[in-house]
Amino acid sequence: QIAPADEEQKTVAQQQPPCEHRVPAFPLYMPKTVQELLTHHIIYNLDEFMKPQHSKKHWPKNIEMAFGRRVYIYKKICEQAARLQFQEAETSEARLVRAAKKLDAKRHTMSVTQFLGSLKEDDKKKGVLKPRKKRRLLE
């Protein structure tokens, strides 16, 4: 027989969604700066949701799209950090912060959303970002 405490733990475990069905909790609005976006990425542990085992099919569409925009800019921060010259005794997090500051300087007066559009346009021109295939509508 299962003891009452074990039964209670089993019920709690059943109520929690499996790891791959969790939805990240982060602000849906775009932050005012790239540095703030990086801070959100770290605070809300969004790296965890970038892993392949996290299916986004069950996420609400607005969360999925907001997450995608944030991840695109986060990857640009990582690319920028990889190009920066290494400074002695610098942590990887400090290097990401430096890269975010550099992207903020490049952004000038654009909002982060406008900057995202600019980054995507640049990638399209370079051939890095290919246009999405149009879906066929079922008739």
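What pLDDT does the protein average, and what share of the residues score at least 70? Good morning, colleagues. The structure before you is a predicted model. The protein averages a pLDDT of 83, and 78% of the residues reach a score of at least 70.

Confidence is lowest in helix α1, residues 4-15, where the mean is 43, and highest in α2, where the mean is 96. Over residues 1-16 the pLDDT is below 50, and beyond near neighbours in sequence this stretch has 2 contacts in the model. Where pLDDT is low, the predicted coordinates should not be read in detail.

Leaving aside residues up to four places away in sequence, L37 touches M30, P31, R70, I73, Y74, I77 and V112. In soluble globular proteins, nonpolar side chains tend to be buried together.

Finally, let us consider helix α5. This helix covers residues 92-107, 16 residues in total, and its first and last C-alpha atoms lie 22 Å apart, close to the expected 22 Å. Its buried residues are R95, L96, A99, A100, L103, D104 and R107. Their cover includes α2 (34-43), α4 (61-83) and α6 (112-126). After α5 comes H108, with a positive phi near 55°.

Note on methods. Residues are numbered from 1 along each chain as its sequence is written. This is a predicted model: local features need pLDDT of at least 70, side-chain atom pairs count only at pLDDT 80 or more; totals for chains, interfaces and linings use all residues. Side-chain values use heavy atoms; hydrogens and water are left out. Helices (H or I, at least four residues) and strands (E, at least two) are DSSP runs, numbered from the N terminus. The expected span of a helix is 1.5 Å times one less than its number of residues. Buried means under 20% relative accessible area, exposed over 50%, partly exposed in between (1.4 Å probe, protein chains only). Contact means heavy atoms within 4.5 Å. pLDDT is the predictor's confidence in each residue, from 0 to 100.
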